[in-house]
Amino acid sequence: MTTFLIRRLIAMIATLFAVSVTIFLMVRLMTGDIISIIFFGDEAATDEQKDLVRKQLGIDGSYFHQYTHWAGRILFHGDFGNSFQTGQPISEILGHSIHITAELIVLGIVIALLFAIPLGVISAVKRDSAADYGARLTGLIGISIPGFWLATLLIIFTSQVFNWLPPLLYVSITTDPWKNFTQFVFPALSISVFTLAIVMRMLRATMLEVLNLDYVRTARAKGVPRRTVLIKHALRNALIPVVTVAGFEVGYLIAGAAVVETIFNLPGVGFNLLHAISQRDYPLIEATTLLIAAVFVIVNTLVDLVYGLLDPRISVAD
Amino acid sequence: MSTLTETWKAVPRRRFLVVPAKWRNPIGIAGAIIVAFVILTALIGNLIWTNDPNLSNADRLLGPSWAHPFGTDEIGRDSLARIIHGAQVSLQVGATATAIALVAGTVLGMLAGYYKGIVDQLVSRVIDLVFAFPGLVLAIVIAGLLGPTRRNAMIAIGIIITAPFARVVRAAVLEVMGFPFIESSRALGASDFRVIFRHVLPNITAPIIVLTSVYFSQAILSEATLSYLGLGIQPPEAAWGNMLATARQYVGTSIWMSIFPGAAIMIIVLGFNFLGDGLRDILDPRVGGVTDAVTKK
């Protein structure tokens, strides 16, 4: 187990390094000449002005110098540089936005599990009933509906039926918890549907498998109540593979969050990424992409480790 | 007489046009019908519905009517004509991005699986690197950095779906390479080229066909998302994604603008997912996939 742990951690650090180099190079190689884009049409710009902008953007000197400077400041000082458009420190911008994205993802996964677990259990226990078919149809639609369209449909529904629209300006959870909840519940719902569908089907399959095992029949035969058998004996074991799937899904929720934050005007990390792209704010693009990718890599490693803990075969085989 | 008819009946009647049991796959057939319908719409839709998708020739924000079955948009363009144009755009971007992934993914996966060793290490690390990003985020960043055009959206989507292609092709090639017939053809002195094209490639077509259908749906969904975020097809050209983006401002007054393009995206994605699922059942029962966990008992 220790070697497994160490190997996974080393792999994670190597991946993070490679990811940071990739982002660094993408911003420099994919944009063409950043300076001529910024000074487009500005004939009066002097070379001094251009050099100053180069320095602000961190694109002066060799790539090696640029990268070590950029990565070193992030690693040792937590300093991502300043936003090119507003001059605000990027660590400050991220500090204001990361909890919004985190809240969205946590709420998304809670909603997904809240519906997926009962639906999966009912679907397995009442196999081939109307409830089962309903749950499976929900699953099919869940993997094909675009999250951003679902968000729009939800807004149409509440505005037509209840004549109500979610608040347009972000309200923090400490100032007004209820208003904050009404603001987050729709975006969270729309990113959770894909995860809901995947987890539900996974649980249905594992439940069907577990319910056919000998120890479940033994428990029923010795007179343990049906409900206790379902929850204590069957569900507990069926949930193990589901936990890991749900863990990997957290990573995909981050991508979904980036889109719905923009739709619902929530200033999270994804919102800042898209804003930075439209403003050509290269340091902010680098920082937000790095943050999203880093969280994605770390979460995936953690899920891997948890899976190794729950299922010893994995860590031994490695 | 009775014995004669009994014997007669015992011989099964010969049936014409017998479909093998494994091709009778309701989900796959439903998917094929949906996909065929959308392709047909893209090909001949604008011959049947001859309104110009870019001409403002009606009142603005009309609801559905006989003259405009899907209503009109914010400057009086016919929504049905725009949806038909959107089908062309979606299929074109989806096909190009999938073709990029198909070629690049097959070549990379083949190199890695066939030559193993250092080539495999190199290719596998590059694939891992793409997988270290949430796919959509990577597509957004690439499209954003290259600039929001149709060509760049195709490149961005092509890159993110190349990685899963290469990974599956590599695994399939490794499996085929383990079979004795590869070794024997090499022992007979066949060149790498001959082994790859005569022996390996024909044996990995099944997973490649399944992947193509499944990732076609992903490509279309990604294109819609990029266009929705303003990073794909640019207005005034109609794409389902940017139609939905415009519709957001009229969500309170003209809900039809939001309903139809979104439904179009969902139907085509559902169609390709179903088709991929059916093809998987028929061609390659080993590989699991997107709808697998949802549709199987």
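How far apart do the end C-alpha atoms of residues 126–147 of chain B lie, and what percentage of the span is helix?

## Transmembrane spans of chain B

The end C-alpha atoms of residues 126–147 of chain B are 24 Å apart, and the span is 82% helix and 0% strand. Helices are DSSP runs of H or I with at least four residues, strands are runs of E with at least two, and both are numbered from the N terminus. This is a predicted model, in which local features need pLDDT of at least 70 and side-chain atom pairs count only at pLDDT 80 or more, while totals for chains, interfaces and linings use all residues. Residues are numbered from 1 along each chain as its sequence is written, and chains are lettered from A in the order in which they are written.

An unreviewed UniProt entry places the feature "transmembrane region" in chain B at residues 27–49, 89–114, 126–147, 200–221 and 255–276; such annotations may be inferred rather than shown by experiment. For residues 255–276 of chain B, the end C-alpha atoms are 32 Å apart, with 95% helix and 0% strand.

## Contact between chains A and B

Chain A gives 42 residues to the contact and chain B gives 36, where contact means C-beta atoms, placed from the backbone, within 7 Å. On the side of chain A that touches chain B, elements giving two or more residues include α1 (2–29), α8 (177–211) and α10 (226–263).

## R73(A)

R73(A) belongs to helix α4 (residues 63–77) of chain A. Leaving out residues up to four places away in sequence, R73(A) touches D79(A) and G81(A).

Technical notes. Contact = placed C-beta atoms within 7 Å.
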